[in-house]
Amino acid sequence: MECMAVSQLVSAYVDQELSEAEVQGLRAHITNCKSCEALVEEFLLISQLTRKSFLEISAPERMETRVMQQIGSAQRARQSFRLMWLVALSAVVMTGLAFTGGLAALWGLTTTLMLHFAHGIAVLLLGLVVGRAGLIIGSIVACGVVTVLSVLAIRRLMSMPLETGMGS
Amino acid sequence: MFGGQGSGLRGDASLNDGHRQLIRAAKAGDKEAFAHLVRSYKDFLFRTAFAIVRDHGEAEDVVQESFVKAFLSLRTLNDERAFPSWMSTIATRIALDTVKRQRTHRDSFGSTIPDPELVEAHSSAPDLRLDIADAMSKLSPEHRGVIVLREVQGFDYQEIADILKVPIGTVRSRLHVARMQLRNLLKTDGGKE
């Protein structure tokens, strides 16, 4: 293994993230290479220093209280948001219902009118056959017949001589 | 004991039964149980956030936001054992987003952030004597992120890759670059801090 190739592996070696073959190769190299061995030691030292440095850092004491306050606020905001959505959804549903209700009423009215119209036509046709309409039409025909007979009778009277009963 | 005062290294084995019960109770909406979890994990998350944003106030905001987000979406966590890495994921992403916003803000005002290449180049200067915290501050947020997730929180490469949503090769590479930069920053005349 070349030094350049080894230096690329040192970080993963320190983290124990190398394969067994890579570990063997790196160990074989650093036993004969002081600079690469030094690099491994430096990386190990950097790891220790970094860990030590950060483990001294702590979150502020007030953190917990502030987090819980924010959670309370966030929950209230979320509830308000949900409520707003519920109201909006209800409004949409109500509007929808009103609209569909109106359509339904209009449809009902139209249907009723159509039914009445159809009913009327049917009644008229039925009446023509067996109902009052037959009587009316019969009366009209009878009137016509009487009129024609009357006209004929008047013409006959007009053509008769006038001496009978008129000359005394 | 995971996440308590003075501790920081994570591990599924350290997530004891008490914590699992607390997580289950918190999932059911028990705020008192969640308060216990906040007490246990606040240092753990604060270190991660601070490592990335490098500011106490900002780190505090990041941790608070992380806990609030965690509480509100806790029901989506199926496996209680994943709680530490789940919390770390939330905090790391919020911290990186915060840094991104800061970058945009600074860039818009013409400020500069140390370039890792320049940092490495300047590291050979003999009078450069920085402690580890100062050296960390010279790294990019992405490099600080992998360092803290590995060194402080103790996640393995696969877990870090999952948390950062990057390939495992990127984690390996970032850790290598970050440590090389730290080494160069800490070196003075061949000596160590």
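## Extent of the interface

Two residues are taken to be in contact when heavy atoms lie within 4.5 Å. In this predicted model, the contact between the two chains draws 46 residues from chain B and 38 residues from chain A.

The size of an interface is often given as the accessible area lost when the parts come together. For chain B and chain A, the buried area is about 4000 Å², and carbon and sulfur atoms give 61% of that area.

## Salt bridges and polar contacts

Side chains of opposite charge can pair when their charged atoms come close. A search of the whole structure finds 14 salt bridges over all chains, and across the interface of chain B and chain A the rule finds 8.

Asp15(A) takes part in a salt bridge with Arg179(B), with a distance of 2.7 Å from N to O. This pair joins two chains, because Arg179(B) belongs to helix H9 of chain B, whereas Asp15(A) sits in the loop between helix H1 (3-14) and helix H2 (20-30) of chain A. Asp15(A) also forms a salt bridge with Arg150(B), where the closest N and O atoms are 3.0 Å apart.

Polar contacts were searched for across the interface as well: 19 residue pairs of chain B and chain A are found, with both residues at pLDDT 80 or more.

## The side of chain B that touches chain A

Several helices of chain B each supply at least two residues to the side that touches chain A: H2 (31-53), H3 (56-72), H6 (132-137), H7 (141-152) and H9 (168-186). H2(B) gives the most to this side, with 11 residues.

By class, the side of chain B that touches chain A comprises 23 nonpolar, 17 charged and 6 polar residues.

## Packing of H3(A) against H7(B)

The axes of helix H3 (residues 34-55) of chain A and H7(B) come within 9 Å and cross at roughly 90 degrees. Angles of 65 to 115 degrees count as roughly perpendicular, and H3(A) is therefore roughly perpendicular to H7(B).

On the H3(A) side, the contact is made by Ser47(A), Thr50(A), Arg51(A), Phe54(A) and Leu55(A). H7(B) contributes Ile147(B), Val148(B), Glu151(B) and Val152(B). The residues of this helix contact divide into 5 nonpolar, 2 polar and 2 charged.

Conventions
Residues are numbered from 1 along each chain as its sequence is written. Chains are lettered from A and ligands numbered from 1 in the order in which they are written. This is a predicted model: local features need pLDDT of at least 70, side-chain atom pairs count only at pLDDT 80 or more; totals for chains, interfaces and linings use all residues. Side-chain values use heavy atoms; hydrogens and water are left out. Buried area is the accessible area (1.4 Å probe) that two parts lose on being put together, summed over both. A salt bridge is a side-chain nitrogen of Lys or Arg within 4 Å of a carboxyl oxygen of Asp or Glu. A polar contact is a pair of N or O atoms within 3.5 Å; within protein, one must be able to donate a hydrogen and the other to accept it, and residues adjacent in sequence count only if both atoms are side-chain atoms. Helices (H or I, at least four residues) and strands (E, at least two) are DSSP runs, numbered from the N terminus. Ala, Val, Leu, Ile, Met, Phe, Trp, Tyr, Cys and Pro count as nonpolar, Asp, Glu, Lys and Arg as charged, and the others, Gly among them, as polar. Axes are lines fitted to C-alpha atoms, for helices over the stretch in contact, and angles run from 0 to 180 degrees between N-to-C directions. Angles under 35 degrees count as roughly parallel, over 145 as roughly antiparallel, 65 to 115 as roughly perpendicular and the rest as oblique.
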